[in-house]
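Subject: Structure handover and notes

Dear colleague,

I am handing over the structure we spoke about, with the sequence alongside. Please open it first and then read the notes that follow, which are arranged by region.

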Amino acid sequence: MTRRPPAVRRQTGPLGRRRADLGPPVSARREIAELPAPRRAPVWLFDLDNTLHDTSTAIFPEISRLMTAYIVRRLGYSPADADRLRRELWQRYGATLLGLVREHGVDAAEFLREAHAFDDLAALIVPQRGLAAALRRLPGRKILFTNGPRAYAEALLFHLGIDRHFQRCVAVEQMTLHGQLRPKPSRPMLRALLARERVDPRRCVLVEDSLPNLVAARALGMSTVLMTAHLPKHMHRRATWAREKITSIGILQRKISRF
Ligand SMILES: [Mg+2]
């Protein structure tokens, strides 16, 4: 019986260069350089909340309620003070979780679990129309990149019917450096993620509704797409630096030549 040779996986480094192969001889390089570079599909990093679905109407109010209830229970604040603390920490740190861990010694895993303990998550989801078809048509590797916890992100991908379109889910539990939580918009974390995924930032597109997260991505050389569907106009009007502004994921395919 003839055995087929094992498939050779192409090994690429951070800049798409073959690691074990320094390329063709020098004499051949000029010819290659004169050929137009083949277009490669981008690598997409997709935020989740208010990017792939509308969180503002039902899920965020419920998460806020659960976070406040947690602060009341664990730190002994009154409901009004707990609500104020939640908002302050969110503004100061960009994530309530980070402030609670750093300033109040809260256990991150416990907080994430209790702040996302929905009775019926599926009933709260407001999906974007045509989302699964839009992701299916869009060429390129797709990675979910969310400051939410993994269990919540995976449940949402499942309920939205889009889990099969993502090669990987990078949730807040994976956003650590030297044992410290570094959620978006941490630039060192983003740099580490790109290195781990072996992606040149210039090939990478971040699709997000958060301006600080996009600013961090742009500073590292990534392309930026601002999802404006759930943002007030005054918040996105001045973001003229964003490569594209979109109101639905379906629009990306028409703009693919821009990336
Ligand atoms: Mg978001």
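To start inside the sheet, Glu208 stands opposite Leu226 of strand S9, and the two strands concerned, S8 (residues 204-208) and S9, run parallel and are joined by four bridges. Please keep in mind throughout that this is a predicted model.

Overall content and confidence

The protein chain holds 11 helices and 10 strands, and buried residues make up 30% of its 259 residues. Among the contacts between residues at least 6 apart in sequence, 57% join residues at least 24 apart.

The pLDDT of the chain averages 87, with 85% of the residues scoring at least 70. Where is confidence lowest, and where is it highest? The lowest value belongs to helix H1 (residues 26-34), with a mean of 44, and the highest to strand S4 (residues 142-145), at 98. Over residues 1-34 the pLDDT stays under 50, and for that stretch the model has 17 contacts beyond four places in sequence.

Helices H4 and H5

Helix H4 (residues 96-104) packs with helix H5 (residues 108-115) at an angle of about 145°, their axes being 10 Å apart, and the crossing of the two is right-handed. On the H4 side the residues that meet H5 are Leu97, Leu100 and Val101, and on the H5 side they are Ala108, Phe111 and Leu112. By class, this contact has six nonpolar residues, no polar ones and no charged ones.

The buried residues of H4 are Thr96, Leu97, Leu98 and Leu100, and what covers them includes helix H2 (59-75), helix H3 (79-93), H5 and S7. Following H4 comes Gly105, whose phi is positive, near 60°.

Pro149

Pro149 lies in the loop between S4 and helix H8 (150-160). Is this residue buried or exposed? Pro149 counts as buried because 20 other C-beta atoms lie within 10 Å, and 20 or more is what the class requires. Not counting residues up to four places away in sequence, Pro149 touches Leu112, His116, Ala171, Val172 and Glu173, and Leu112 is also one of the residues of H5 that meet H4. The C-alpha atoms of Pro149 and Ala109 are separated by 8.7 Å, although the two residues are 40 apart along the chain.

Backbone geometry to check

Most residues other than glycine have a negative phi, and most peptide bonds are trans.

Asn50, in the loop between strand S1 (43-46) and strand S2 (53-54), has a positive phi of about 60° although it is not a glycine. Asn50 has 19 C-beta neighbours inside 10 Å and therefore counts as partly exposed, since being buried would take 20 or more.

His178, in the loop between strand S6 (176-177) and S7, likewise has a positive phi, near 50°, in a residue other than glycine. With 6 C-beta neighbours inside 10 Å, His178 counts as exposed, because that class takes in residues with 12 or fewer.

Finally, the peptide bond that joins Lys184 and Pro185 is cis, with omega at about 10°, and Pro185 is found in the loop between strand S7 (180-181) and helix H9 (187-196).

With best regards

How values were computed:
Residues are numbered from 1 along each chain as its sequence is written. This is a predicted model: local features need pLDDT of at least 70, side-chain atom pairs count only at pLDDT 80 or more; totals for chains, interfaces and linings use all residues. pLDDT is the predictor's confidence in each residue, from 0 to 100. Two residues are in contact if their C-beta atoms, placed from the backbone, lie within 7 Å. Axes are lines fitted to C-alpha atoms, for helices over the stretch in contact, and angles run from 0 to 180 degrees between N-to-C directions. A crossing is left-handed if the near helix is turned anticlockwise from the far one by less than a right angle, and right-handed if clockwise. Ala, Val, Leu, Ile, Met, Phe, Trp, Tyr, Cys and Pro count as nonpolar, Asp, Glu, Lys and Arg as charged, and the others, Gly among them, as polar. Two strands pair if DSSP finds at least two bridges between them.
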